[in-house]
Amino acid sequence: MVWKTAILTASDKGSRGEREDTSAQVIRELVEEELSGEIIEYRIVPDEQDEIIAALIELTDYYQVDLVLTTGGTELAVRDVTPEATKRVIEREVPGIAEAMRATVMQKNRSAMLFRGVCGVRGRTLIVNLPGSPKGVHENLAAVMDQLPEALLMVTGQYREQL
């Protein structure tokens with residue numbers, strides 16, 4: 001199964017073209033190689049809650065992707081508002097994914113406890129917040145990659161419980 005995936009980067013500098021978005025490239029590689037996913041859309045927006053919300057709604061409702069992976073805006077800085085924007089868009093939270101990412105990465109890096117990312121469902125789309133750094137993206141996404149296919153089958157209504 002090929003999962004339709006969108007990448008949304010929240011970055012003030014990235015949206016102004018002042019920083020290369022290497023985290024999105026890490027996401028792209030992991031999605032294509034590990035998840036057999038296809039990147040349908042890629043966006044970069046400033047760290048503005050309204051812009052993040054609008055992009056998430058468009059990616060889920062218009063593009064109807066199976067998975068949205070966000071990067072950036074998930075730490076403690078004043079302008080880090082991706083989790084708040086995500087919470088305003090999702091219909092149901094999936095806390096176990098974010099908990100698993102934090103728990104796994106904290107075994108190697110105690111500062112992972114400062115990661116505020118959330119995960120949830122809007123319609124038939126799973127939304128997962130990831131950190132802004134390439135290393136953080138890789139570590140967090142790798143921590144849950146093995147469970148994403150099952151989660152996506154459930155969210156998209158294709159899951160059939162094995163008896």
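These are my notebook entries on what I looked up in this structure.

**Basis.** I am working with a predicted model, in which local features need pLDDT of at least 70 and side-chain atom pairs count only at pLDDT 80 or more, while totals for chains, interfaces and linings use all residues. Residues are numbered from 1 along each chain as its sequence is written, and side-chain values use heavy atoms, with hydrogens and water left out.

**Salt bridges.** I took a salt bridge to be a side-chain nitrogen of Lys or Arg within 4 Å of a carboxyl oxygen of Asp or Glu, and by this rule I found nine salt bridges. I noted that side chains of opposite charge can pair when their charged atoms come close. For exposure I used relative accessible area, where buried is under 20%, exposed is over 50% and partly exposed lies in between (1.4 Å probe, protein chains only). E18 pairs with R16, the closest N and O atoms being 3.0 Å apart, and both E18 and R16 are exposed.

I then looked at R28 and E32, whose side chains meet in a salt bridge at 3.8 Å, N to O. Helices and strands here are DSSP runs numbered from the N terminus (helices H or I, at least four residues; strands E, at least two). R28 and E32 are four residues apart in helix 2, so about one helical turn separates them. R28 is partly exposed because its relative accessible area is 26%, and E32 is also partly exposed, at 40%.

E84 and R116 form a salt bridge too, at 2.6 Å, N to O. This pair links distant parts of the chain, since E84 is in helix 4 (residues 82-89) and R116, 32 residues apart from it, is in the loop between helix 5 and strand 5. Both count as partly exposed, E84 with 30% and R116 with 25% relative accessible area. I also recorded that salt bridges with shared partners join D12, E48 and R79 into one network.

**Aromatic pair.** Rings of Phe, Tyr and Trp (its six-membered ring) pair if their centres lie within 6.5 Å, with planes under 30 degrees apart counted as stacked, over 60 as edge-to-face and the rest as tilted. The structure holds one such pair. The ring centres of Y62 and Y63 are 5.0 Å apart and their planes stand at 90°, so I wrote the pair down as edge-to-face. Y62 is exposed, because its relative accessibility is 62%, whereas Y63, at 27%, is partly exposed.

**Positive phi.** Which residues have a positive phi although they are not glycines? I noted S36, at about 55°, and Q64, at about 50°. S36 lies in the loop between helix 2 and strand 2 (37-45) and is partly exposed, with a relative accessible area of 41%. Q64 is found in the loop between helix 3 (49-62) and strand 3 (67-71), and its relative accessible area of 51% makes it exposed.

**A buried residue.** N140 is found in helix 6 (residues 134-144), and I counted it as buried because its relative accessible area is 5%. Its C-alpha atom is separated by 15 Å from that of Q25, although N140 and Q25 are 115 residues apart along the chain.
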